[in-house]
Amino acid sequence: MFVRHLPPTFGTSPATAHRRCTVWTEAGLWRRLHRAVLDELGARGKVDWTSAIVDAASVRAKRGDR
């Protein structure tokens, strides 16, 4: 996780940052934040909705597929 790379000026320990990120992830914060940013940018006409990229690493492969 990225918390190992936080600069000292961030003001928290890696353990605290990890704990908070875990809680926020479990609460669905990142999904809601991403959606809020997309909604705001979309409302301003700043998002090109004609294309999208899907990260294949996040798509589960079917059993036996190579």
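D39 and R35 sit four residues apart in helix α2, and therefore about one helical turn separates them; helices here are DSSP runs of H or I with at least four residues, strands are runs of E with at least two, and both are numbered from the N terminus. An α-helix has 3.6 residues a turn, so residues three or four places apart point the same way. Between D39 and R35 there is a salt bridge, with the closest N and O atoms 3.0 Å apart, where the term means a side-chain nitrogen of Lys or Arg within 4 Å of a carboxyl oxygen of Asp or Glu. D39 is partly exposed at a relative accessible area of 42%, whereas R35, at 54%, counts as exposed; buried means under 20%, exposed over 50%, and partly exposed in between, with a 1.4 Å probe and protein chains only.

Before I go on, please keep in mind that this is a predicted model, in which local features need pLDDT of at least 70 and side-chain atom pairs count only at pLDDT 80 or more, while totals for chains, interfaces and linings use all residues. Residues are numbered from 1 along each chain as its sequence is written, and side-chain values use heavy atoms, with hydrogens and water left out.

The structure holds two salt bridges, and the other pair to mention is R44 with E40, whose side chains meet at 2.7 Å, N to O. R44 is exposed, at 57% relative accessible area, and E40 is partly exposed, at 39%.

As for helix α2 itself, residues 29–43, its 15 residues reach 21 Å from the first C-alpha to the last, close to the 21 Å expected, the expected span being 1.5 Å times one less than the number of residues. After α2 comes G45, whose phi is positive, near 75°.

Which residues form the nonpolar patch on the surface? They are V23, W24, W30, L33, V37 and L41, with about 520 Å² of accessible area together, by the Shrake-Rupley method with a 1.4 Å probe, only the protein chains shown counting as cover for residues. Patches take residues with over 30% relative accessible area and no salt bridge, joining like charges within 9 Å and nonpolar side chains (Val, Leu, Ile, Met, Phe, Trp, Tyr) within 5 Å. Helix α2 gives the largest share, four residues, among them V37, which is partly exposed at 42%.

Finally, buried residues make up 8% of the 66 residues in the chain, which has two helices and zero strands.
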